[in-house]
Amino acid sequence: MRESNGREPVKDNDLFFTCSLIDYIARKTKNTRVDVVNALGEKILEKIYDLADIYHSDNIERVSDDFIQEAGIETGSFDNVKECTYAIPSHWDIGKVYKRLIKGVAESEKIGIIDALLKVYNSFISSKIDDYNSSMYYENPSYLLECYLEDKVI
């Protein structure tokens, strides 16, 4: 039985926080999401995911600063928020998009969540989701999964 405190399993909420933190760090450091994920690496991502319930109760600004420092993430020049000409989705909005896609990939490919996270952020679809001037980030979760599985926008 899966542990659940509310409407969804606890680990789903942990994945949601992990993805939201990745987006928050990316915005703060002006890096692409894939650059942040790769800088954090598998070990730190597992730590964030495993302890997300603790980090979630802390200030996200402080938590992000700790991981930026721990991973040595430097300021880049990618700013999809500044480039956005429409309503800007929050880091929580984007975290939810990635959470659903990563869960779908993990289930479809029968792999662990962190492996799926690494695959999704390192796939073509990450740059599509992170283009806030396109409609990709608010597409149906099943459509995003099919695009990922087909390795192209369909």
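Biologist: Which residues in α1 meet α6?

Modeller: First, the terms. Contact means heavy atoms within 4.5 Å. Helices are DSSP runs of H or I with at least four residues, strands are runs of E with at least two, and both are numbered from the N terminus. Now the case. From α1 come D12, L15, F16, F17, C19, S20, D23, Y24 and R27. They meet H91, W92, I94, G95, K96, Y98, K99, I102 and K103 in α6. By class, this contact has nine nonpolar, three polar and six charged residues. Here Ala, Val, Leu, Ile, Met, Phe, Trp, Tyr, Cys and Pro count as nonpolar, Asp, Glu, Lys and Arg as charged, and the others, Gly among them, as polar.

Biologist: What should I know about the model itself?

Modeller: It is a predicted model, where local features need pLDDT of at least 70 and side-chain atom pairs count only at pLDDT 80 or more, while totals for chains, interfaces and linings use all residues. Residues are numbered from 1 along each chain as its sequence is written, and side-chain values use heavy atoms, with hydrogens and water left out.

Biologist: At roughly what angle do the axes of α1 and α6 cross?

Modeller: Two packed helices are described by the angle between their axes and the distance between the axes. Axes are lines fitted to C-alpha atoms, for helices over the stretch in contact, and angles run from 0 to 180 degrees between N-to-C directions. The axes of α1 and α6 cross at roughly 130° and come within 7 Å. The two helices are therefore oblique to each other. Angles under 35 degrees count as roughly parallel, over 145 as roughly antiparallel, 65 to 115 as roughly perpendicular, and the rest as oblique.

Biologist: Is the crossing of α1 and α6 right-handed or left-handed?

Modeller: Right-handed. A crossing is left-handed if the near helix is turned anticlockwise from the far one by less than a right angle, and right-handed if clockwise.

Biologist: How many residues of α1 are buried?

Modeller: Buried means under 20% relative accessible area, exposed over 50%, and partly exposed in between, with a 1.4 Å probe and protein chains only. In α1, 16 of the 20 residues are buried, so the helix is mostly covered. K11, a residue of α1, is partly exposed, at 33% relative accessible area. Leaving aside neighbours within four places in sequence, K11 is in contact with Y49 and D50.

Biologist: How far does α1 reach from its first C-alpha to its last?

Modeller: The expected span of a helix is 1.5 Å times one less than its number of residues. α1 has 20 residues and reaches 29 Å, close to the expected 28 Å. α6 has 19 residues and reaches 26 Å, close to the expected 27 Å.

Biologist: What do the buried residues of α6 pack against?

Modeller: They pack against α1, α4, α7, α8 and α9. Among the buried residues of α6 are I94, V97, L101 and V105.

Biologist: What is the phi of K110, near enough?

Modeller: Most residues other than glycine have a negative phi. K110 has a phi near 55°, a positive value in a residue other than glycine. K110 lies in the loop between α6 and α7. K110 is exposed, at 72% relative accessible area. D151 also has a positive phi, near 60°. D151 sits in the segment after α9 and is exposed, at 56%. K30, which follows α1, has a positive phi near 55°.

Biologist: At roughly what angle do α2 and α4 cross?

Modeller: Their axes cross at roughly 140° and come within 10 Å. That makes α2 oblique to α4. The crossing is right-handed. A39, L40, I44, K47 and I48 of α2 make the contact with F67, E70 and A71 of α4. By class, it has six nonpolar, no polar and two charged residues.

Biologist: How far apart are S126 and R33, in sequence and in space?

Modeller: They are 93 residues apart in sequence and 7.4 Å apart in space, C-alpha to C-alpha. S126 is in α8 and is buried, at 3% relative accessible area. R33 is in α2 and is buried, at 1%. Not counting residues up to four places away in sequence, S126 touches R33, Y98, V120 and Y121. With its own neighbours within four places left aside, R33 has contacts including D23, R27, Y121 and S126.
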